[in-house]
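Dear colleague,

I am handing over the structure below, together with an account of what was found in it. Please read the notes alongside the model.

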Amino acid sequence: MMKRTILALLCITGILSVSAQDSDPPKEPSVSYGFPKEYEIGGITVTGTKHLDENILITLSGLSVGDRIIIPGEDISRAVNALWKQGLFANVKIYLTKTVGETAFLEIRLEERPRLSGFRFRGIKKSEADEIRDEINLIKGRVLTENVKMSTRYTILDFYHDKGFLNAKVNLYEKTDTSLKNSIMLIIDIDKGSKIKINEITFYGNQEIPSTRLKRLMKNTKEKSRFMVFRKDDLKKLKSDTSPAKKPFKLMGNLSPSGIYENLGDRIKFKIFTSSRYLEENLEDDKIKLIDFYNTKGYRDAYIKQDTVYRSGDNLLNIDITIDEGNKYYFRHITWKGNTKYSNEELSDVLNIEKGTIYDQSLLDTRLFMNPDGRDISSLYMDDGYLFFQVTPVEAKVEKDSIDLEIRIYEGPKATINRVTISGNTKTKEHIIRRELRTLPGNKFSRSDIIRSQREIASLGFFDAEKIQ
C-alpha cells in the first residue's frame, strides 16, 4: 500500500513539472561562477543597435563562431571591454542564450549612445561662435562620446588661451532632443573671463646684460603699460638715506642718458602697438632669442636655469627668469686643415676674425657659410666650381676665456654645368628666361652665378620672386 502511494505521488509531481515547463517562457541557461565550463561558440547575435553593422561589432568583440571559450571567464570580459573602448555604447552586456551539449549561443546586447542632433553656444557673441564653429569637429548625427566632448572643450579653451583669456571656462550640457529618437542637443556654455596680462618680467643672474636690454629682446612677451616713478624698494632707499639732497640722484643712478634710461625703464612703460598678453609658446621663443643674444656677446655657455610664471592678481601674472651667463669667451688660435686650393693666409684673410675677438658663433657661421656681401669661405670655393665643398669648424681647445678653432675643409672635385632645364613657365617663352641666366652649359659651377640668375629672373616681373627655386 505504501509503495503504491509513493509511486502515485511521483507521477503527479512529474506531470506538474512538465506542465510548468510548457507554460513558462524559456529561460537563459544558468551560469555557475564557481564551476566555469568550456564551450564552443555555436552562434553570436547582436541586439540593441540600429546604425552599426553587426558583423563589425562581432569582429570588434574578438569573439567568433567556432572559438572555444570558458563561461564564465576572461574571454567574455575581454569582449565586453573591447566594445566599451569604442566609446559608442551606454551599456554593453553579453548573455548566454542557450547551450546544446558543449555548444554555446551568445547574445551581445548593446545600448547605443545618443547621437548629436545639433549644438549651440551660450555666453559669447555670434562672431566668436562662428570662429569656434570652424575649429571644433562636431557633426550632426555623430555619436557624442566622452572623447568628442573632451576634444571640443580643449579646442575652445586653446582658442581663448591664444587670445590671452587664460581664465576661460567651458562647460558642456546635454539636452534630450524630443524631435528625434535617441538624440541630444549639446549646449556649450562659455565664460571667457578677462584677459590675463603680464604685469612684470624680472631677471635674475644677469650681471653683464641689463634687464632693460633683455626685455627689449623679448619681442612677443611684453609687460603691460605703467607709470610708476617710485617703487616699493625706492621708498626704502629714501628712508634709509641720511642726505636729503641726494635722494633723487640715488634713484636715478648716474646722470648719463644710458644710466637714467636703465633706471626708469622698469618704472615707465607705454605699450601702444604691442600686446602684453601671455602665451607660453611666445615665451619659449623669446627665451631662445635671449640665449642667442648672449651667444653673440661671447657667452656661449649661457642658458636659462629656471623660469617661473605666477599670478600677481586676478588678471595679472609675473614672469621670473633666472639666467646663468657663464664665462665670456674670445677667439684665440684658428688653424686650417685639408686646404690645398688656398693657403692658410688667404683663408684667414677671408674669415677676418682676429685673435681676441669676442667669441660669436653667428659671426663664425656667417664668415664660413653665407656672408651677405659674398665674402665667405664657402663662396670662395663654390664660386670656383667646388660644388661638393664642405667646411666644419671644431673647437680644438677651450682654456680659461679663450677658444682655439680647427677648421676642417673638404674641397672635393670641381663640377661643370651639363644641362639647365626650366619649368613652371606657362606663358613666358623659355628663350626670354634663358637670356637672363648666368649659369650656362659648359661653365664651371658657381653659386654666385646661380644667385645672380635667380635675381635677374625675378627682376623681369613675370614671376613670383619667392617661388623661383
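Contact, as used throughout this message, means heavy atoms within 4.5 Å. This is a predicted model, in which local features need pLDDT of at least 70 and side-chain atom pairs count only at pLDDT 80 or more, whereas totals for chains, interfaces and linings use all residues. Residues are numbered from 1 along each chain as its sequence is written, and side-chain values use heavy atoms, with hydrogens and water left out.

The protein has 15 helices and 15 strands, where helices (H or I, at least four residues) and strands (E, at least two) are DSSP runs numbered from the N terminus. Of its 469 residues, 35% count as buried; buried means under 20% relative accessible area, exposed means over 50%, and partly exposed lies in between, with a 1.4 Å probe and protein chains only. Among contacts between residues at least 6 apart in sequence, 64% join residues at least 24 apart.

I begin with Ser453, which is found in helix H15 and is buried, with a relative accessible area of 3%. Leaving aside neighbours within four places in sequence, Ser453 is in contact with Glu436, Leu437, Arg438 and Thr439. Helix H15 (residues 447-459) also gives the largest share of the lining of the largest pocket, 4 residues. A pocket here is an open set of points on a 1 Å grid over the protein atoms alone, where a 1.4 Å probe fits, with protein on both sides within 12 Å along at least five of seven lines, and lining residues have an atom within 4 Å of a point. The volume of the largest pocket is about 600 Å³, and of the 22 residues that line it, the closest to its centre are Thr421, Ile422, Ile457, Ile468 and Gln469.

Of its 24 residues, Leu351, Ile377, Tyr381 and Phe389 touch the most other members. The elements that give two or more residues to this core are strands E13 (330-337) and E15 (402-410) and helices H11 (344-351), H12 (361-368) and H13 (377-382), and E15 gives the most, with 4 residues.

Arg367 lies in helix H12 and is buried, with a relative accessible area of 19%. Its side chain reaches the backbone oxygen of Leu351 at 2.9 Å and that of Asn352 at 2.7 Å.

Arg300, by comparison, sits in the loop between helix H10 (280-296) and strand E11 (303-311), and is partly exposed, with a relative accessible area of 27%. Its side chain makes a polar contact of 2.4 Å with the side chain of Glu395, and another of 3.2 Å joins the side chains of Arg300 and Asp301; a polar contact is a pair of N or O atoms within 3.5 Å, where within protein one must be able to donate a hydrogen and the other to accept it, and residues adjacent in sequence count only if both atoms are side-chain atoms.

Finally, in helix H4 (residues 126-135), Glu128, Ala129 and Ile132 are buried. Seen down the axis of H4, these buried residues fall within an arc of 100 degrees, so they line one face of the helix; the arc is that of the directions from the helix axis to the C-beta atoms. The face turned away from the buried side of H4 carries the exposed residues Lys126 and Asp134.

With best regards

Key
Core = buried A, V, L, I, M, F, W, Y, C linked by side-chain atoms within 4.5 Å. Points joined across faces, edges and corners; volume = space filled by probe spheres on them.
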